[in-house]
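I opened this notebook to keep track of what I look up, one entry at a time. Each entry below begins with a place in the chain and then follows what lies around that place.

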Amino acid sequence: MQNLKLIADEKELARQKEFLQRDREYTQELEAQLGRTPTYHVTNFGCQMNARDAEKLSGVLSEAGFTEAPDESADFVIFNTCTVRDNADQHFYGRLGRASHYKKSNPAMKIAVCGCMMQEKCNVDKLRRSYPYVDLIFGTHNLFRFPEYLCRVFENSQKYGASASARRVVDVWESTDLIVEDLPVERRYRYKSGINIMFGCNNFCSYCIVPYVRGRERSREPKEIIREIEKLAQDGVVEVMLLGQNVNSYGKDLEQPVTFADLLQEVAEIDGIKRVRFMTPHPKDIREDLLEVIAQHPNIARHVHFPLQSGSDRILKKMNRRYTKEQYIERALKIREMIPDVAITTDIIAGFPGEGPEDVDETIDVIKRVRFDNAYTFIYSKRTGTPAASMPQVPEEVVKEGFDRILSAVQESARNSTGALQGRVMTALAEEKNQQMDGYITGRLSNNTIVHFPGDESMIGKFYDVSLDDNKGFYYFGKALRENERGY
Ligand code: SAH
Ligand code: SF4
Ligand code: F3S
């Protein structure tokens with residue numbers, strides 16, 4: 001069964017590589033017509049997984065012969081959408097409207113839309129109906145067919161003309177078994193990379209749209225993942241982030257099951273990989289074997305993102321999170337006990353259906369007891385088709401009151417834990433030039449804290465021992481004392 005599946009994956013990959021060859025020819029024709037190299041722009045929304053998908057889209061477009069443009073005035077513009085909260089949807093429609101203005105002055109321009117929003121029929125219908133300038137629509141399950149779709153966009157526009165509605169390419173799948181990973185990738189950073197270890201989610205938290213738009217859990221074969229990371233390491237990548245909606249269930253669906261702890265250990269032992277991160281472990285099934293692997297490998301980041309969502313047992317049950325407040329606290333404190341210096345960060349939702357001030361009190365109690373190092377607080381957003389959408393909703397002013405209280409509790413907690421690092425020397429990866437301050441580099445500690453220090457571009461991608469001199473609340477200013485080749 002597995003073998004047949006791998007053969008199908010390989011066959012599809014070969015097909016797409018052929019399309020990519022044809023894309024190159026079409027791009028050359030376009031280049032002759034425009035009298036310059038055609039440009040592309042990928043606009044990305046959403047999580048780390050979408051960011052990784054965006055790198056694949058860029059990879060295909062640059063392999064096809066386009067060069068990257070800084071904004072949506074490019075010849076090929078693609079929007080990789082997110083639908084986890086309503087504001088992500090609104091943001092996308094705003095940007096799409098703006099791109100249409102560019103198209104008026106550049107008739108050769110093509111606009112494509114893909115990603116999680118396209119897995120919802122209502123959005124595809126809306127684009128078909130009211131956005132005639134969109135040339136290509138596809139979803140999350142068939143992203144690997146992008147080379148083929150690109151080809152059809154070129155062909156249809158020759159066949160039907162640039163504005164006829166018959167030219168438009170639309171293909172959205174309900175699901176897929178295929179895992180096609182070896183298409184070109186254009187990494188945003190040369191020294192770090194995300195790696196998909198699995199796709200989809202089986203948890204169906206009652207507020208969440210992700211299982212509907214990303215399908216069921218599918219793990220990649222460990223040897224494929226290791227091979228990809230070894231290649232990245234040879235290419236100069238020093239930090240990897242293993243990506244999955246619930247990494248704790250990695251490997252359960254493979255013919256020869258593997259645990260996430262085993263995979264993480266193997267990745268941490270790859271030559272040249274100096275820092276390993278992962279996202280996201282679900283608190284319902286985090287286990288000690290994972291914490292042991294982290295504790296034993298200093299190159300695994302001292303950071304666990306551990307989404308709480310709510311501290312109230314009543315709300316957790318309605319959210320279908322499958323842990324209680326006390327179980328969560330016990331597991332978080334176990335992380336602190338087994339991994340000295342670890343930072344624990346979290347996600348919290350304010351205003352879930354039925355949440356009252358007493359539930360918020362419970363959440364604040366968890367914030368105080370776990371002492372989160374950082375937290376994202378989101379206002380609950382009703383997602384059509386999820387169970388929580390049909391539960392009685394909380395009035396806006398009650399949501400706001402709860403949100404504000406949670407926010408000030410997490411800010412206090414984050415300020416305290418950042419402050420505790422004052423005066424220490426810790427290892428930072430120099431990540432980029434500081435956008436605001438000339439002559440400064442922005443670095444990141446293993447525990448995910450940001451530190452800015454004097455330096456130049458030649459330092460980017462290397463590790464430095466940095467003194468944390470000046471605490472600015474949630475980040476530091478410091479000095480790079482020496483390079484640290486080991487990375488920890
Ligand atoms: N798989 C990850 C989360 C992915 S979504 C996990 O289980 O933790 C990222 C975050 O978005 C979630 O942790 C949650 O806090 C938030 N989120 C998801 N759906 C939401 C909704 N409908 N409204 C508000 N926040 C939501
Ligand atoms: Fe959404 Fe829950 Fe799956 Fe995370 S675990 S993606 S919150 S359903
Ligand atoms: Fe958004 Fe899809 Fe990620 S809905 S959060 S981009 S999985």
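**Entry 1: a helix and the loop before it**

I began at Gly-161, which follows helix α5 and has a positive phi, near 95°. Helices here are DSSP runs of H or I with at least four residues, strands are runs of E with at least two, and both are numbered from the N terminus. Before going on I noted that this is a predicted model, in which local features need pLDDT of at least 70 and side-chain atom pairs count only at pLDDT 80 or more, while totals for chains, interfaces and linings use all residues. I also noted that residues are numbered from 1 along each chain as its sequence is written, that chains are lettered from A and ligands numbered from 1 in the order in which they are written, and that side-chain values use heavy atoms, with hydrogens and water left out.

Next I checked the length of α5, which has 15 residues (146-160): at 1.5 Å a residue it should span 21 Å, and its end C-alpha atoms are 20 Å apart, which agrees. The expected span is 1.5 Å times one less than the number of residues. I then listed the buried residues of α5, which are Phe-146, Pro-147, Glu-148, Tyr-149, Leu-150, Cys-151, Val-153, Phe-154 and Asn-156. Buried means under 20% relative accessible area, exposed means over 50%, and partly exposed lies in between, with a 1.4 Å probe and protein chains only.

In the loop between β5 (136-138) and α5 I found Leu-143. Is Leu-143 buried or exposed? Leu-143 counts as buried because its relative accessibility is 12%. Not counting residues up to four places away in sequence, Leu-143 touches Asp-53, Lys-56, Leu-57 and Phe-138, where contact means heavy atoms within 4.5 Å. I also compared Leu-143 with Pro-340: they are 197 residues apart in sequence and 41 Å apart in space, C-alpha to C-alpha.

**Entry 2: Thr-83 and ligand 3**

I looked up which residues surround ligand 3, and they are Gly-46, Cys-47, Asn-50, Cys-82, Thr-83, Val-84, Cys-116, Arg-214 and Gln-245. A residue belongs here if one of its heavy atoms lies within 4 Å of the ligand. This shell divides into four nonpolar, four polar and one charged; Ala, Val, Leu, Ile, Met, Phe, Trp, Tyr, Cys and Pro count as nonpolar, Asp, Glu, Lys and Arg as charged, and the others, Gly among them, as polar.

From that shell I followed Thr-83, which is found in the loop between β3 (76-81) and α3 (86-105). Thr-83 is buried, with a relative accessible area of 1%. Which side chains does Thr-83 join by polar contacts? There is one of 3.1 Å to the side chain of Asp-89 and one of 2.8 Å to the side chain of Glu-120. A polar contact is a pair of N or O atoms within 3.5 Å; within protein, one must be able to donate a hydrogen and the other to accept it, and residues adjacent in sequence count only if both atoms are side-chain atoms.

For ligand 2 I noted that the residues around it include Cys-201, Cys-205, Cys-208, Gln-245 and Arg-321. Its shell divides into seven nonpolar, three polar and one charged.

**Entry 3: strands**

Thr-176 counts as buried at 13% relative accessibility, and a polar atom of its side chain lies 3.1 Å from the backbone nitrogen of Leu-178.

In β7 itself, five of its five residues are buried. Lys-192, Gly-194 and Asn-196 point one way, and Ser-193 and Ile-195 the other way. In a regular strand the side chains alternate between the two faces of the sheet. Five bridges join β7 to β10 (239-243), and the two run parallel; two strands pair if DSSP finds at least two bridges between them. Asn-196 stands opposite Leu-243 in β10.

Last, I looked at β15 (425-433), which is joined by five bridges to the antiparallel strand β18 (463-471). Five bridges also join β15 to β16 (440-445), again antiparallel, and Ala-430 has Gly-443 in β16 as its bridge partner. β15 and β16 form a hairpin with six residues between them, and Gly-439 in the turn has a positive phi of about 80°.
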